[in-house]
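I opened this entry to look up a few sheets, ring pairs and single residues. My notes follow in the order I took them.

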Amino acid sequence: MRIECPICGSRDRREFYYRGDAIALARPAPDAGDDVWDAYLHLRDNPAGETRDLWQHEGGCGAWLVVTRDTVTHAVHAVELASDVKRAMA
Amino acid sequence: MVELKAQTPFGELLPLHIGDMTVAARDLGQLTVLGVFDRAGLSKALEAAHGVALPEPLQSTAEGDAQCLWFGREEALLVGPTPDEALAKHAALVDVSDGWAVAELQGPGAEDVLARLAPVDLRDSVFEPGDILRSQLRDMPASITRTETGFLLLVYRSMAATLVQELRRAMEAVASRR
């Protein structure tokens, strides 16, 4: 598997560290309530299909990335800088 | 009075000659990490003080004794001079001169040696003199630059001996097949 880092270009999977669902970029407000926080911390979908995950290019430039990929075909559809994604959410 | 003698991080392990390839320690002078928070301002200040521009990703710049290496996202490494105070307005400056071990790999088999250690394409058709990248040599985080004469390899100082061991093994394998 190869990931197209927006800064470094196409790199081998072993340079990257996997964090988990990109939901981590959408942290709820401190007073959002127990249910919202419970879902944010613990409840994850496990889709056979498209997922959005946080990866870090640890062995390269160090950038955090949002990788959209398919768990069935292993195709990587999109790679964006997490900082750009976060800015777009604001 | 005890006479203290400066040693490279590699001690007696380098230089290493195997086949027609060599690895030698390099003393580049002061190494300063620039944690960039104002790209345009820092590039101007760098040019004014040291004559080098802030490099684009995967590039390096050089002027006289000063070199500036791209070192990661919003990071550069100033090599050689003591950084001018004016730079501190545009970047966090950290002296890491003793934190990194620097070696240069030379010889006709150098590309083949690195092909055994790094998961990136370093052939001269895609990686030219002055080009730089951050990757891994086996499990070691490394900075790799192609110079006019070979490859400049930077790893954490604590991994200097491991770097020599990995290079030795790869150089022996490459030399035995030539």
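In what order do the strands of the open five-stranded sheet in chain B run? The model is a predicted one, and in it I read the order as S4-S5-S6-S3-S7, with antiparallel pairing. Strand S4 (60-63) and strand S7 (91-95) of chain B are at the edges with a single partner strand each, so one side of each has no neighbour in the sheet.

S3(B) and strand S6 (residues 75-80) of chain B pair in the antiparallel sense, and six bridges are found between them. I also checked what lies across the sheet. Helix H1 (residues 39-50) of chain B lies across S3, S4, strand S5 (66-72), S6 and S7 of chain B. The helix runs at about 155° to S3(B).

**Entry: B:Gln30**

Which residue is its bridge partner in S6(B)? I found B:Gly80 there. The side chain of B:Gln30 also makes a polar contact, at 3.2 Å, with the side chain of B:Thr82. I listed the contacts of B:Gln30 beyond four places in sequence: B:Leu78, B:Val79, B:Gly80, B:Pro81, B:Thr82, B:Pro83, B:Asp95 and B:Ser97.

**Entry: the six-stranded sheet**

Chain B also has an open sheet of six strands, and I wrote down its order as S1-S2-S8-S11-S10-S9, with antiparallel pairing. Its edge strands are strand S1 (16-18) and S9 of chain B, and each of them pairs on one side only. Neighbouring strands here are turned by 25° against each other on average, direction ignored.

How many bridges join strand S10 (residues 140-146) of chain B to S11(B)? I read five, and the two strands run antiparallel. Within this pairing I noted B:Ser143, which has B:Leu154 as its bridge partner in S11(B). Helix H3 (residues 160-176) of chain B packs on the sheet. I found that helix touching S1, strand S2 (21-25), strand S8 (100-106), S9, S10 and S11 of chain B, with its direction at about 15° to that of S1(B).

**Entry: aromatic rings**

I went through the ring pairs next, and the count over all chains is six aromatic pairs. One of them is A:Trp37 with A:Tyr40, which is edge-to-face, with 5.4 Å from centre to centre and 85° between the planes. Both residues lie in helix H1 (residues 34-42) of chain A, three residues apart, about one turn of the helix. A:Tyr40 has a relative accessibility of 13%, so I logged A:Tyr40 as buried.

Why does the pair B:Phe127 and B:Phe151 count as stacked? The planes of the two rings are at 10°, and planes under 30 degrees apart count as stacked. Their centres are 6.4 Å apart. B:Phe127 lies in the loop between helix H2 (110-115) and strand S9 (132-137) of chain B, whereas B:Phe151 lies in strand S11 (residues 151-156) of chain B, so the pair ties together parts 24 residues apart in sequence.

Over the ring of B:Phe71 sits the charged end of B:Arg134, 4.5 Å from the ring centre.

**Entry: two residues of chain A**

A:Thr68 is in strand S5 (residues 64-70) of chain A. With a relative accessible area of 8%, A:Thr68 is buried. Its contacts beyond four places in sequence are A:Glu50, A:Thr51, A:Arg52, A:Ala75, A:Val76, A:His77 and A:Ala78.

A:Arg13 is in the loop between strand S2 (9-12) and strand S3 (17-21) of chain A. I read a relative accessible area of 37% for A:Arg13, so it is partly exposed. Not counting residues up to four places away in sequence, A:Arg13 touches A:Met1 and A:Trp55. I also looked up A:Arg13 against A:Asp45: they are 32 residues apart in sequence and 23 Å apart in space, C-alpha to C-alpha.

Notes:
Residues are numbered from 1 along each chain as its sequence is written. Chains are lettered from A and ligands numbered from 1 in the order in which they are written. This is a predicted model: local features need pLDDT of at least 70, side-chain atom pairs count only at pLDDT 80 or more; totals for chains, interfaces and linings use all residues. Side-chain values use heavy atoms; hydrogens and water are left out. Rings of Phe, Tyr and Trp (its six-membered ring) pair if their centres lie within 6.5 Å; planes under 30 degrees apart count as stacked, over 60 as edge-to-face and the rest as tilted. Helices (H or I, at least four residues) and strands (E, at least two) are DSSP runs, numbered from the N terminus. Buried means under 20% relative accessible area, exposed over 50%, partly exposed in between (1.4 Å probe, protein chains only). A charge sits over a ring if NZ of Lys or CZ of Arg is within 6 Å of the ring centre and within 35 degrees of the ring normal. A polar contact is a pair of N or O atoms within 3.5 Å; within protein, one must be able to donate a hydrogen and the other to accept it, and residues adjacent in sequence count only if both atoms are side-chain atoms. Contact means heavy atoms within 4.5 Å. Two strands pair if DSSP finds at least two bridges between them. Axes are lines fitted to C-alpha atoms, for helices over the stretch in contact, and angles run from 0 to 180 degrees between N-to-C directions.
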